[in-house]
Amino acid sequence: MLNFTPLVKPYFNRLVALSASWATPEGVEKVQRNVLRNLLHRAANTEIGRSYGFDSRMTAEDFISALPLVEYEDIRPQVMRMLAGEENVLWPGATTRFAQSSGTSGGKSKFIPITPEGLKTNHYAGASFPVAFYLHNNPHSRLFAGKSFILGGSFANELDGLPRGVKVGDLSANLIECINPLANLVRVPDKEIALMEDWNKKLPALVKAAAKENITNISGVPSWFLTVLQRIMAEKGASSIHSVWPNLEVFFHGGIAFEPYRSQYEAITDPSKMHWLENYNASEGFFATQDVLEAKGMRLLPDVGVFFEFVALDGSRSVTAWEVEQGRTYELVISSCNGLWRYRLGDTVRIETVTPLRISVAGRTKSFINAFGEELMVWNADAAITAACRKTDAAIVNYTAAPVFASGNSKGHHQWLIEWQKMPLGGTEMFAELLDKELQNLNSDYQAKRSGDIFLGRLELLNAKPGLFNSWLAETGKMGGQRKVPRLCNDRRIMDRLIAVNKE
């Protein structure tokens, strides 16, 4: 394949030059005020625009004062009306695409609007910046001398009676289906394979399609891609993915933390050839990317159709992107061209630098596990364990859960530690099976990762000795009226200590 990198470099160089205009707080302020002005002008005649008096003359300060902060459950009724075909609710016109992601206590799934403006101004424009920064940092790159391997989802959903023309599915499926046809010339797999729903059929097709190509870059979620790469190496009898793709040079990754997987990726790649570039993207939008590979944090993208706010963790006040303080951690709030207004993402971010503005994802605002892209929330866990107890006539004293990361031939999975008040009928193995099924019923992302037992193994259940959690609480000085056992943790610090105490 010809090397098209020199031909496309001028376009990406312009993006790097553009980013220099928002290298200071003053530059960020100018761009962000303009973004908000455009958003308010576009949405002035929508239902929400009329309710709050949207106008391009409305200042950022007026906007923040006028609208309340919202979570998904606050806007679920409006989104469901949009799904039914109603126009001009949160964004002008009819919205025909929605990204399905893990839900809240109000439902198994959230349905995030994907507007044409959101695709063009945010998702596609935002995804151009990682490539631009990568090429800028690697002047000898031959990125466009081969193909991109992009791992995506499907349009599988559990909604009935969708209006004609409305599409609901993973964000990646929508992005793949709407991408510029020219991009299909330099990416694999083709749409037919990329959008397959059954992973038992899709995975072999992905392996077959990608193994024969000259792949220079891969994009996706670390946990999912690791499984695919391991299958490709097994198919080719290789111990390194560079034996299959000698020109592979970069992994554009996002969705979940990369660090738990770094050592596994480094073990199957040639360190002299491979680069890693982190992105902060979600169903709600594309927000940040690494601009310098060795820098800590990701460069916030203030000119991609999103107005950012940063809320103090005590909820006392909201500040704009040009007012944040280095070293502080905030809850991230967005207003965007997909019709989300002062929307709480549920993420916390740490400000690494302000000139330029770089952030790192600090965690979620609530207890969760998202080690494999499953976005398991406490309400999922509580509801699932309640249902499993009801079906087995069991009762628990306490529980906690944490991820176990893949190693060798062992799949990643969740580990649950339960202290029983009444043991389940049929034994703990049956309880574990029921619990796993209940979690799939309640959480669409967990269900997707468990599909076909390919990416995420079935949960593991450990029995806690009587009094374990009280012993741990006493050890940590948390006994008393405010005592709480963390239900879900995204790392193993608490779980490993509890297991140690359990063995003593």
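Which strand does Ser336 lie in? Ser336 belongs to strand 13 (residues 329-336), strands being DSSP runs of E with at least two residues, and helices runs of H or I with at least four, numbered from the N terminus. This is a predicted model, with local features needing pLDDT of at least 70 and side-chain atom pairs pLDDT 80 or more, while totals for chains, interfaces and linings use all residues. Residues are numbered from 1 along each chain as its sequence is written, and side-chain values use heavy atoms, leaving out hydrogens and water.

**View 1. Around Ser336.** Ser336 is buried at a relative accessible area of 1% (buried is under 20%, exposed over 50%, partly exposed in between; 1.4 Å probe, protein chains only). Setting aside neighbours within four places in sequence, Ser336 is in contact with Leu39, Trp91, Gly305 and Val306 (heavy atoms within 4.5 Å).

**View 2. The largest nonpolar core.** Of its 75 residues, Phe54, Phe63, Tyr280, Phe310, Trp341 and Tyr343 touch the most other members. A nonpolar core here joins buried Ala, Val, Leu, Ile, Met, Phe, Trp, Tyr and Cys through side-chain atoms within 4.5 Å.

**View 3. Trp341 and its contacts.** Beyond neighbours within four places in sequence, the contacts of Trp341 include Leu39, Phe54, Phe63, Trp91 and Ile334.

**View 4. Helix 13 against helix 14.** Helix 13 (residues 378-392) and helix 14 (residues 428-442) pack with their axes 8 Å apart, at an angle of about 135 degrees. Axes are lines fitted to C-alpha atoms over the stretch in contact, and angles run from 0 to 180 degrees between N-to-C directions. Among the residues making the contact are Trp379 and Ala381 of helix 13 and Phe431 and Leu434 of helix 14.
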